[in-house]
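This briefing covers how the chains of one model are arranged and how they meet. Please look through the sequence and the structure before reading on.

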Protein chains: 4
Amino acid sequence: MGKGRIEAFSDGVIAILITIMVLEMKVPEGVSVRDLIPVIPVFLSYVLSFLYLGIYWNNHHHMLHTVEKVTGGMLWANLHLLFWLSLIPFVTHWMNVNHFSRVPTAFYGFVLFMSAVAYSILQGRIIASQGAGSILKLAIGKDWKGKISPIFYLLAILLAIEETRWAALALYVFVAIIWLIPDRRIENVLKTLERKEKGG
Amino acid sequence: MGKGRIEAFSDGVIAILITIMVLEMKVPEGVSVRDLIPVIPVFLSYVLSFLYLGIYWNNHHHMLHTVEKVTGGMLWANLHLLFWLSLIPFVTHWMNVNHFSRVPTAFYGFVLFMSAVAYSILQGRIIASQGAGSILKLAIGKDWKGKISPIFYLLAILLAIEETRWAALALYVFVAIIWLIPDRRIENVLKTLERKEKGG
Amino acid sequence: MGKGRIEAFSDGVIAILITIMVLEMKVPEGVSVRDLIPVIPVFLSYVLSFLYLGIYWNNHHHMLHTVEKVTGGMLWANLHLLFWLSLIPFVTHWMNVNHFSRVPTAFYGFVLFMSAVAYSILQGRIIASQGAGSILKLAIGKDWKGKISPIFYLLAILLAIEETRWAALALYVFVAIIWLIPDRRIENVLKTLERKEKGG
Amino acid sequence: MGKGRIEAFSDGVIAILITIMVLEMKVPEGVSVRDLIPVIPVFLSYVLSFLYLGIYWNNHHHMLHTVEKVTGGMLWANLHLLFWLSLIPFVTHWMNVNHFSRVPTAFYGFVLFMSAVAYSILQGRIIASQGAGSILKLAIGKDWKGKISPIFYLLAILLAIEETRWAALALYVFVAIIWLIPDRRIENVLKTLERKEKGG
């Protein structure tokens, strides 16, 4: 089983999700610059969700780069991840139309949390299939980003429910920034392996 | 005729269908957890349709894996399958806005039935093109899942019309579960063939 | 310049167009079988547009199969074709909401006519790039289907304007059927060339 | 890191953007030819945005053709470009519903300006990764089109704000035409290099 189609299908779904959100943005009612003000938070939440989907696509890209054989388990773990990602435009929209009120803001965190869990499951499936000398296992190392993110999401959900939703939103932004900082683990491991092969 | 484009086009269509359905989900009107309750059946039917489209994508992936040469007949049989699959978001939506009433629930089954028939036709076209020693024919064996599913759909349509629509919905879920249970027929046949070639 | 991306981009656009149309289909207002009656013409026009897009994808697939080098002119001729195809869901929708009245039915024909013209231009660009022994030129032969279709579309536009719109619709269906009849020109020419090469 | 997925993902996003805009076009309310008149400016702005997205896809295609190794920086620069492109349907729609009034017309220019900037950044990343003998650097030469376009966009924004929005729209059309004029820099450089290799 080649990985071409699992990549193409995931690319398709994430490309659609990232562009669907623009459709959700209602154009401002007036034509003055002032009419743009209420659109600003909507726009910023679109930027945040765009970033999250971009981060997922980027990491998915890197992770699948280490895969050589696709198993049936991976296909389902991947669909499971895409399922939670597909809810991101929905919760972004719900949060927007309600001006970031408690429950929708908490749900935004819930979908991010479940996406992180789904990503971990897919990662686990790939590592399991690669056996003892798994490149992916080597590459992610202690995976502190992967471990700390779900905890931050849970914290943000609690903050959102306890009426400090701006703190929750700040946490969502913070986790995105953590992931945006270049992470060359997989690239480095692949380079090291290449060099060893040549050197051997 | 390579199979690259038939795969890419099918991936594209199924990726769009699976994500379109999220657009159909209206965000809850209120912002309390209670406002989510009416969304739950809508959400569950979205999960069910997501699963069905995921199953079709998965099986399509495996089936095309056995194809080496794409014929004109396959292209049309594939478009016919995509046509019925493209109606799944429509019937899911119709069922949702009417709270799973009789006729829409029966139509949901009808679209699933026609999709199953279209899948069988495509399968038949591929087997025919592979001739006597068809790998796909070998792989699907007696194809009891493929044979039993349309019967269950017809049964569910009858149940939906006869006002026992919850039984119909249970059947839809049941058939999805049958297909979710890992089915390693094609993978196993391919492995056996590989081993024989090496052994020969 | 490889042809991979021009194929991928066209596949993406046509896949989106073919699925967008389902979104345009409004679910029936009631829940009885009778409530489906007004949806039937809408459904049939969706089937017709699905067929047309399917035919274009199919022919595009075959035509690009003969291409080895993509030129800048081809890229633009292809975008021009995609432009007119992208208007098919729009005119289908306009025709539907107005119960197939004169002007929208004529415009449906106009978009089909322009798509056929755009397809001819792309075909011409490819033949020109292949020079004297163009495989595509050999394959399409006299191209009577390509020549007769625009004439039928023009005829249908006149019929639609002259209040005999059902005759116009019948013509649209008729042209689709002409194209559905298997056309093995490209496949045959490619096979003949293959045989010659082996024989030589 | 191969460039297959960055191409596939970009193709997907641009294909969706280019087709989403059709959904934004509301069908005319009446059925006479006269009812089409108010749709004409909407249609023309759709054509303009279609052209811009087509130009970006075309140039992206050529630019990535020179890339051999994809870096993490390129992935993010590419996502940044896709972000601004994804706002084109939004500003097109805003401009349309307000009959090309001042602020929306200026914002249309702003999104075009930011897209041009994002494109330059991606171009810079690629040139940097290719080192001293960068093929892309050689191919774009002085890049006068790339340098002049943002200036024209800024000028158009000023014109739009100063109530001469038709001049602004004319400038948007003018820049599109500049880019439509065939530009064989990359093709020529690649051909020259090929000839040298063979000759050497």
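**Helix packing and chain arrangement**

In chain A, helix 3 (residues 72-85) packs on helix 5 (residues 102-130) at an angle of about 165°, and their axes are 8 Å apart. The model is predicted: local features need pLDDT of at least 70 and side-chain atom pairs count only at pLDDT 80 or more, while totals for chains, interfaces and linings use all residues. Residues are numbered from 1 along each chain as its sequence is written, and chains are lettered from A and ligands numbered from 1 in the order in which they are written.

- Axes here are lines fitted to C-alpha atoms, for helices over the stretch in contact, and angles run from 0 to 180 degrees between N-to-C directions.
- Helices are DSSP runs (H or I, at least four residues), numbered from the N terminus.
- Helix 3 of chain A and helix 5 of chain A are therefore roughly antiparallel to each other, a term for angles over 145 degrees.
- The crossing of helix 3 of chain A and helix 5 of chain A is left-handed, that is, the near helix is turned anticlockwise from the far one by less than a right angle.
- On the side of helix 3 of chain A, the residues that meet helix 5 of chain A include A:Gly73, A:Ala77, A:Leu81 and A:Trp84. Among those that helix 5 of chain A brings are A:Met114, A:Ala118, A:Leu122 and A:Arg125.
- By class, this contact of helix 3 with helix 5 of chain A has twelve nonpolar, five polar and one charged residues. Ala, Val, Leu, Ile, Met, Phe, Trp, Tyr, Cys and Pro count as nonpolar, Asp, Glu, Lys and Arg as charged, and the others, Gly among them, as polar.

**How the copies are related**

- Copies are superposed by least squares on the C-alpha atoms of residues with pLDDT of at least 70 in both.
- Chain A is superposed on chain B by a rotation of 90° and 0.0 Å of shift along its axis, with RMSD 0.0 Å. Of the residues of chain A, A:Gly12 comes closest to that axis, at 4.3 Å (C-alpha).

**Which chains touch**

- Chain D and chain A are in contact through 25 residues of chain D and 25 residues of chain A.
- No contact joins chain A and chain C, and their closest C-alpha atoms lie 9 Å apart. Chain B and chain D do not touch either, with their nearest C-alpha atoms 9 Å apart.

Terms used
Contact = placed C-beta atoms within 7 Å. Helix = DSSP H or I, 4+ residues; strand = E, 2+ residues; numbered from the N terminus. Parallel < 35°, antiparallel > 145°, perpendicular 65-115°, else oblique.
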